[in-house]
Amino acid sequence: MAAAGDQDVAADGEGSAGQSDSAGSDGSASVGPSGGASAGPSAGLSESGGPSESGGDDPFAPPVEERRWILIARALASVFAERAAALDESGELPMDNLRALHASGLDVAMLPRSAGGEGLSMRTFGEVLRIVSRACPSTGCIWLMHIGAAVTLVSLGDPESSAYYAAELKAGSRFANALSEPTSGNMFLIPMQEAEPTGGGFRLAGAKRFVSGCEVASHYLVNALVDGVPTFFGVDRDASISFVPIWDTMGMRATRSQLVSFDDTLLRADRRCRPPGPGDPNPIGIGLAMLSVGVAEAAFAAMATHARGRVIPATGAPLSAMQWVTFEAAEMHVRITAAHLLAARTTWLADVGSPVMLDAAIEAKLYANEVARQVADLGVRVGGGSGYLRTSPIQRHFRDAQAGGLMAYSVEVCKDVVGRRVLDAS
Ligand SMILES: Cc1cc2nc3c(=O)[nH]c(=O)nc-3n(C[C@H](O)[C@H](O)[C@H](O)COP(=O)(O)OP(=O)(O)OC[C@H]3O[C@@H](n4cnc5c(N)ncnc54)[C@H](O)[C@@H]3O)c2cc1C
């Protein structure tokens, strides 16, 4: 429901309450026809609001030579934010947004240099994802899965397969990440479906569930058991692949994360990936925390806009002047900053090839997932009946905020992993 109030808050929320990421309101960022950005004097990310925006001496910030991509993301996000409510209402895929991301050059820039890309750092990737997710989390989620699948196939495939997928990404083909099974659920890296040997490879008869952007993808990253061992394959879309339209959800509606059915689909031997190793890129594992940070920031901005605008007759002052609101806002601001710090630190650990990156990614994800829910819940309380209306962005952020903690690994699975590790280490 693209209500006027929704758009007001989306526009206002981009620059409010310290969680700011405005898309160059001073004209400092514009996306050119070739997808390049022109940066004005404020190109040094001068706004406050997060660890990656505090200046050149911040190790978690995107490298200086890559910061034009942040300006590009901001410019794109200002348009995405205006479309988010209508996409939530219609549940249609954000195709214009996805095309704009590709046209900006971001998709290709994510490829390794050896594959014709720019090998963008995970620090830059994380920030771009946060900015996009803040504007439209469905777009952020689909883009995360698209980049995650493409980069994995390019990185883990043999040279011929790698070149094929790199060329497909450059040409604008879409990728999806088809890993979660109806049975395995959260244990998406441990598939239960067996690939049966056949001429030229293996056959898969089964299904993957909640595959974001699957209906417009040409290529899927799929896993199945080969001789009992989880194995990744690149699978091109063909007549054996169909979609079951299960996705009518409370939030993240425009991801259209349907069930994908594989009817004796050929898993080609020459599209089999090598097993991933510690140094291999893992954009999805790294990005899921940033997705939730973006949702938390959007929820905070909507809450703050309402708090400033709603005058309570009993006091003659806006809600934002009440102590319970200021205290809660302070608490949530600090939590968002902490979640952003943990997520940004994870991207930095990935860039330096740290062996503790995965542990950090799980911790960052669980915290960001919870903070997004907490901030969105505060929005509902501050919003009162007005925020509860379908026309308010507050309820949309609340619905979107529930998803991160369900996505694998869920908050509960993350806590289980982290809890066991820290107890064993003590
Ligand atoms: C918006 C969205 C987009 C998604 N996009 C994709 C995608 O593009 N590709 C893809 O492959 N998948 C995707 N998924 C799937 C997602 O990553 C999860 O795998 C899936 O949501 C798990 O759903 P389930 O119903 O099987 O949950 P279950 O695994 O059944 O979990 C149900 C409950 O049990 C808990 N639980 C499960 N296992 C454990 C355990 N071992 N220990 C403790 N608690 C446990 C969970 O925390 C949860 O509370 C998406 C999901 C969402 C919500």
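Angles under 35 degrees between axes count as roughly parallel, over 145 as roughly antiparallel, 65 to 115 as roughly perpendicular and the rest as oblique. The structure is a predicted model, in which local features need pLDDT of at least 70, side-chain atom pairs count only at pLDDT 80 or more, and totals for chains, interfaces and linings use all residues. Residues are numbered from 1 along each chain as its sequence is written.

The axes of α6 and α8 (residues 283-309) come within 10 Å and cross at roughly 170°, the axes being lines fitted to C-alpha atoms over the stretch in contact, with angles from 0 to 180 degrees between N-to-C directions. The two helices α6 and α8 are therefore roughly antiparallel. Among the residues of α6 that meet α8 are P137, L144 and V151; the partners in α8 include P283, L291 and V295. Contact here requires C-beta atoms, placed from the backbone, within 7 Å.

The ligand shell draws on several elements, including those below.

| Element | Residues |
|---|---|
| α6 | 137-156 |
| β3 | 175-178 |
| β5 | 201-211 |
| α12 | 403-406 |
| α13 | 411-425 |

Each of these supplies at least two residues of the shell. Of the 24 residues around the ligand, S180, G185, N186, S410 and E412 come nearest. Domain 2 (175-271) and domain 3 (283-425) both contribute to the shell, so the ligand lies between them.

Helix α11 (residues 393-401) is largely enclosed by the rest of the structure, because eight of its nine residues are buried, that is, have 20 or more other C-beta atoms within 10 Å of their own. Among the buried residues of α11 are R396, H397 and D400.

Conventions
Near = placed C-beta within 6 Å. Helix = DSSP H or I, 4+ residues; strand = E, 2+ residues; numbered from the N terminus. Domains from an automatic or database assignment. Contact = placed C-beta atoms within 7 Å. Buried ≥ 20, exposed ≤ 12 C-beta atoms within 10 Å, placed from the backbone.
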